[in-house]
Amino acid sequence: MTVAFETALSDFASKLEAGLAVRLEPAPWPGELARPARLLAAMRHAVLAGGKRLRPFLLSEIARLLNPDLTVEALMPAAAAVECLHCYSLVHDDLPAMDDDTLRRGRPTVHVAYDEATAILAGDALLTLAFDLLADSACHANPAVRAALVLDLARAGGLGGMVGGQMLDLAAEGRFGEGATPDEADIRKLQAMKTGALIRAATVMGARLGGATEDEVRRFARFGEILGLAFQLADDLLDVTATQSEMGKAVAKDAAHGKGTLVARLGIDAVRAELERLVAEATDLLTPWGARSETLAAAARFVAERRR
Ligand code: GRG
């Protein structure tokens, strides 16, 4: 990984962390009655101190590629919204009723650090906060852009996206009784929904915030789809090759849960070859921006080659 990319990602992560922290302070916002301390603490546990911040980084880089006058601070509401929705999904995914994980980002999961009811509510409140941030005029001056962002995130996060993908994943594990064993197409669809949809939403939202043309929105939608697929393939590879301390969460869970991954189905070498092809396709999509898109090209490589 290039030092320049790692520095750009970690600089962004620090700014995002600060942006998230100010949005999770005890003082209620207009229209709120009070912010219960235990719930707020659990939300802060879920959101602060950790995480690669990859999705909001992609949003910010794409917006700033298309409109270099934009600052990270100006993009903060939308970037924070995407991260809040991502963190909610992690909190709920870790619950005993879902993956039953005790370690996330190198720390106890929210239901372990607090309790199950608080973790459910912290996830719910992060999901709601995501849409609060997008609907607020601080997100973008144009209400039509804000409405488009809300729709992007809602469609990616819900029934036909991430939540639906999680449901298909649980079904594929045999949670709801015996079903047909998922084939490769089924696995690709559920992964595109569970993991890919939110990454695609982040890249599309970045394009919209950068004032993209319809053609550019489509180009960055495809860029996000490719990165989503690469991200999940890399995740499946890491599940069989990385250690718990590298990942800050449990590994080797896929086989234990009888999960049909593409690594199990196609083999490690075929998945590595597919990752190379995906990085090349993602890089090609950035051709119109030449050297200015180097960081985004490095992000595509990071996603495919990550060790965390
Ligand atoms: C429970 C509604 C609901 C959805 C769950 C997030 C998710 C959907 C499942 C998590 C299971 C999993 C390991 C998916 C693979 C992709 C993924 C979301 C990994 C975690 O994201 P990272 O690596 O995490 O970006 P950090 O900590 O860096 O933010």
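Residues are numbered from 1 along each chain as its sequence is written, and side-chain values use heavy atoms, with hydrogens and water left out. Because the model is predicted, local features require a pLDDT of at least 70 and side-chain atom pairs count only at pLDDT 80 or more, whereas totals for chains, interfaces and linings use all residues.

The ligand is surrounded by 20 residues, of which Lys52, Arg55, His86, Ser89 and Arg105 are the closest; a residue is near a molecule if one of its heavy atoms lies within 4 Å of it. At least two residues of the shell come from each of helix H4 (72-94), helix H8 (162-172), helix H9 (184-209) and helix H10 (214-241), and H4 gives the most, with 6 residues. Helices (H or I, at least four residues) and strands (E, at least two) are DSSP runs, numbered from the N terminus. By class, the shell holds 5 nonpolar, 7 polar and 8 charged residues, with Ala, Val, Leu, Ile, Met, Phe, Trp, Tyr, Cys and Pro counted as nonpolar, Asp, Glu, Lys and Arg as charged, and the others, Gly among them, as polar.

Grid points are joined across faces, edges and corners, and a volume is the space filled by probe spheres set on the points. The search of the whole structure finds 1 cavity of 30 Å³ or more, and the largest cavity has a volume of about 120 Å³. Its lining includes His45, Cys87, Asp94, Arg105 and Pro108. Helix H2 (37-47), H4 and strand E2 (107-108) each supply at least two lining residues, with H4 giving the most, 4 residues. This lining divides into 6 nonpolar, 2 polar and 4 charged residues.

The second largest pocket holds about 330 Å³ of space. Of the 20 residues that line this pocket, Gly196, Ala197, Arg200, Ala221 and Glu225 are the closest to its centre. Helix H7 (143-157), H9 and H10 each give two or more residues to the lining, and H9 gives the most, with 9 residues. By class, the lining comprises 10 nonpolar, 3 polar and 7 charged residues.

Two individual residues complete the description. Gln232, placed in helix H10, counts as buried at 6% relative accessibility, buried meaning under 20% relative accessible area, exposed over 50% and partly exposed in between (1.4 Å probe, protein chains only). The side chains of Gln232 and Thr195 are joined by a polar contact of 2.4 Å, a polar contact being a pair of N or O atoms within 3.5 Å, of which, within protein, one must be able to donate a hydrogen and the other to accept it, while residues adjacent in sequence count only if both atoms are side-chain atoms. Leu40, in helix H2, is likewise buried, with a relative accessible area of 8%.

Terms used
On a 1 Å grid over the protein atoms alone, a cavity is a set of points where a 1.4 Å probe fits but cannot get out, and a pocket is an open set with protein on both sides within 12 Å along at least five of seven lines; lining residues have an atom within 4 Å of a point.
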